[in-house]
Each structure stands twice: as C-alpha cells, then as structure tokens.
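I looked up the chain as a whole before turning to individual sites.

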Amino acid sequence: MATLQNSPPLHRTLVLNSFTKLHKQSTFHCCRRSNSFLVRAEHTPASSTCSPSQDRSRRRQVLAAGTIASWVFLTNQHSVSFAAENKKGFLPVTDKTDGYEFVYPFGWQEVTVEGQDKVFKDVIEPLETVSVNVFPTVKRDIKEFGSPQQVAETLIKKVLAPPTQKTKLIEAVEHEIDGKTYYTFEFVAKAPNYTRHALSTISIGNGKFFTLTTGANERRWGKMKDKLHTVVDSFKIFKV
C-alpha cells in the first residue's frame with residue numbers, strides 16, 4: 001500500500017521539476033540533446049537548421065519520451081484504481097463531532113440503539129452488525145488501562161457480551177496508526193441457541209474512549225471474516 005500511495009507524488013515531482021527547468025531556459029536548439037517530456041517548438045533560421053541525422057535522432061528522443069510518459073500515466077492510473085478497488089462493497093462513515101471514521105459493508109442499514117453512538121446491521125442476518133461506543137475519559141493512551149489481553153478480557157465480560165453468555169478471547173494485539181495506539185482483539189460469545197464471532201478495536205482520542213465492534217454468527221464466520229476485518233482495520237480516530 002505504501003508503494004502505491006507514494007508513486008503519484010513522486011511522478012508529480014518529476015514532471016514539475018522537468019517543467020520548471022524547461023521554462024528557465026531561454027532557448028531550445030534542435031541540435032541539443034534533451035530528456036524532458038515537454039518540448040517547446042521554435043522557429044529556427046535556415047542557417048541553423050539541423051542535419052537530417054540530427055533531426056532523426058531528435059524525433060526518436062521525442063517519441064521515446066512520449067512512450068515513457070504514457071507508460072507512467074497508465075501505471076499511475078492502475079495504482080489509483082487498485083487502491084479504490086480495495087474499498088469496493090463498502091460505504092464510509094465519518095463523525096466530525098467525536099472525530100472517528102470507518103467503513104461498513106454495502107447493504108447494511110443504520111439503526112438506533114440506545115447507549116450506542118452508531119450501529120449498522122444486515123437486515124437479514126441480525127448478528128452481522130458494527131457498532132461504535134464513545135465514553136469520556138481522562139486517560140491519554142489506551143496503554144494506561146493495561147495490556148491488550150487485560151483490557152480485552154475486561155471489555156468482553158463487562159461491556160461487549162451479556163453476563164449470561166460464555167466468552168472466549170482468541171487473540172489480542174496492539175498496533176499504531178499515525179502514532180496513536182489501538183488494541184484489536186477477536187473473541188466468541190456463546191448463547192444457548194447461537195454463537196457470535198466478533199472483532200473489536202479500541203483506542204483513545206479527543207478525551208474519549210472509543211470501541212468499535214463487529215461480528216457475525218459463527219456459522220457464517222468463514223464467509224464474513226474478511227469483510228469484518230476490513231471494517232475493523234478501517235477504524236481511525238482524528239483530531240476535532
């Protein structure tokens with residue numbers, strides 16, 4: 001991903017540098033070699049006309065430059081399209097009041113649930129949801145609450161699953177986005193007639209404690225896990 005994101009700025013820098021250098025030149029003689037993609041045509045007196053061999057050489061340079069420029073353009077177009085395709089099938093959510101953003105699968109509907117900031121769910125599969133909770137806090141970093149495993153266990157048992165359900169933490173990891181620490185964990189919650197397989201990510205920013213949780217019925221986990229990982233990985237807090 002980093003390579004794709006860095007390619008367009010690099011290309012723009014090279015083109016702008018060539019453009020600046022070209023316009024600093026007062027004249028451009030046909031017999032002078034040039035590697036710039038931009039060529040300025042000028043009227044040349046008969047006395048300074050290039051020889052046929054020099055003219056053919058210049059044409060080859062211009063054609064080669066045009067071919068390279070076309071290749072760079074197509075490469076950059078492919079990079080942009082590839083990045084956009086990674087988000088196909090998802091819709092973005094941006095909350096400018098609390099300062100967070102994420103994506104959710106296309107087709108899910110927003111619903112109102114008391115005590116939760118945002119909730120989207122599938123209209124057919126009720127366990128396929130994503131929800132965001134926001135709590136005020138005086139803490140500045142999620143690490144102040146403990147390790148990923150400690151915080152995950154506490155949240156699962158006291159917040160993310162009903163006390164009557166049997167829960168199991170599968171994995172808890174720590175990562176950073178733009179210098180901010182996030183904990184992401186995977187768990188299952190077993191009820192008498194179903195088991196929910198879920199993912200959560202948590203972090204602190206803007207004086208608030210954020211939790212995003214998404215999941216699906218265990219029987220559909222194999223089909224949904226990639227989408228749900230995309231949802232969790234897209235969550236990001238920004239300053240407001």
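Entry 1, the whole chain. I looked up burial in this predicted model and found that 35% of the 240 residues of the protein chain count as buried. I then recorded an accessible surface of about 15500 Å² for the protein chain, with 55% of that area belonging to carbon and sulfur atoms. Among contacts with a separation of 6 or more, I noted that 48% are between residues 24 or more positions apart.

I counted four helices and 10 strands in the protein chain. Reading from the N terminus, I wrote down the order α-α-β-β-β-β-β-α-β-β-β-β-α-β.

I located helix 4 at residues 221-234, a run of 14 residues. From the first C-alpha to the last, helix 4 reaches 19 Å, close to the 20 Å expected at 1.5 Å a residue. I also checked the axis and found a kink of about 25° in helix 4, centred on Lys-227. Which residues of helix 4 are buried? I listed Trp-221, Met-224, Leu-228, Val-231, Val-232 and Ser-234. For reading such a list I kept in mind that an α-helix has 3.6 residues a turn, so residues three or four places apart point the same way.

Asp-178 lies in the loop between strand 6 (166-177) and strand 7 (180-190). I looked up its cover: Asp-178 has a relative accessible area of 66% and is exposed. I noted Asn-206 as well, a residue other than glycine with a positive phi near 55°. Asn-206 sits in the loop between strand 8 (195-205) and strand 9 (208-217). Is Asn-206 buried, partly exposed or exposed? I found a relative accessibility of 27% for Asn-206, which counts as partly exposed.

I placed Asp-95 in strand 1, residues 90-95. Asp-95 counts as buried because its relative accessibility is 9%, and the cut-off for buried is under 20%.

Key
Residues numbered from 1 in each chain as written. Predicted model: local features only at pLDDT ≥ 70, side-chain atom pairs only at ≥ 80, totals over all residues. Heavy atoms only, no water. Helix = DSSP H or I, 4+ residues; strand = E, 2+ residues; numbered from the N terminus. Expected span 1.5 Å × (residues − 1). Bend = angle between axes of the 7 residues up to and from the residue. Buried < 20%, exposed > 50% of the residue type's maximum accessible area, 1.4 Å probe, protein only. Contact = heavy atoms within 4.5 Å. Areas by Shrake-Rupley, 256 points an atom, 1.4 Å probe, with all protein chains shown as cover.
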